[in-house]
Amino acid sequence: MMVKKAAMAYVLLLEVFMKQYEEGKNEEAAGNAFYLLERLARLHCKDVDYFEPDRESHCSYSEFLLEAVCHILTLVMKDKLELSNFELLWLESYLSRK
């Protein structure tokens, strides 16, 4: 239940990130999306079961958040935001583990 509450709090952040993207504030949207990815990575390291799908939706709350934030990053990157080499390497290694 605690994971669901945390996930619901992050959903509000996703709305902020999308608004930033829609307003052309790609740098802010990307920075915030990377922050959320880092938080999700810490959650995954703490307990991988948080990412196991539930019986009803076949998708955990944490998995939904991960997919949503990756979608936002994809939109930002399609707009040719120049990310630092560190951020690109981090994103590549993170997504290859999925």
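Okay, let's start with a pair of charged residues: Glu-23 and Lys-25 make a salt bridge, and their closest N and O atoms sit 3.3 Å apart. Before I go on, keep in mind that this is a predicted model.

How many salt bridges does the structure hold? There are 2. Here's the general idea: side chains of opposite charge can pair when their charged atoms come close.

The other pair I want to show you is Arg-42 with Glu-38, whose side chains meet at 2.3 Å, N to O. Where do they lie? Both are in helix 2, which covers residues 26-46, and they're 4 residues apart, or about one turn of the helix. Arg-42 counts as exposed, because its relative accessibility is 53% and the cut-off is over 50%. Glu-38, at 26%, counts as partly exposed.

Now let's move over to helix 1, residues 2-22, and find Gln-20 there. Is Gln-20 buried or exposed? It's buried: its relative accessible area is 15%, and buried means under 20%.

And what does Gln-20 touch? Leaving out residues up to four places away in sequence, Gln-20 touches Lys-25, Asn-26, Glu-28, Ala-29 and Asn-32.

Methods: Residues numbered from 1 in each chain as written. Predicted model: local features only at pLDDT ≥ 70, side-chain atom pairs only at ≥ 80, totals over all residues. Heavy atoms only, no water. Helix = DSSP H or I, 4+ residues; strand = E, 2+ residues; numbered from the N terminus. Buried < 20%, exposed > 50% of the residue type's maximum accessible area, 1.4 Å probe, protein only. Contact = heavy atoms within 4.5 Å. Salt bridge = Lys/Arg side-chain N within 4 Å of Asp/Glu carboxyl O.
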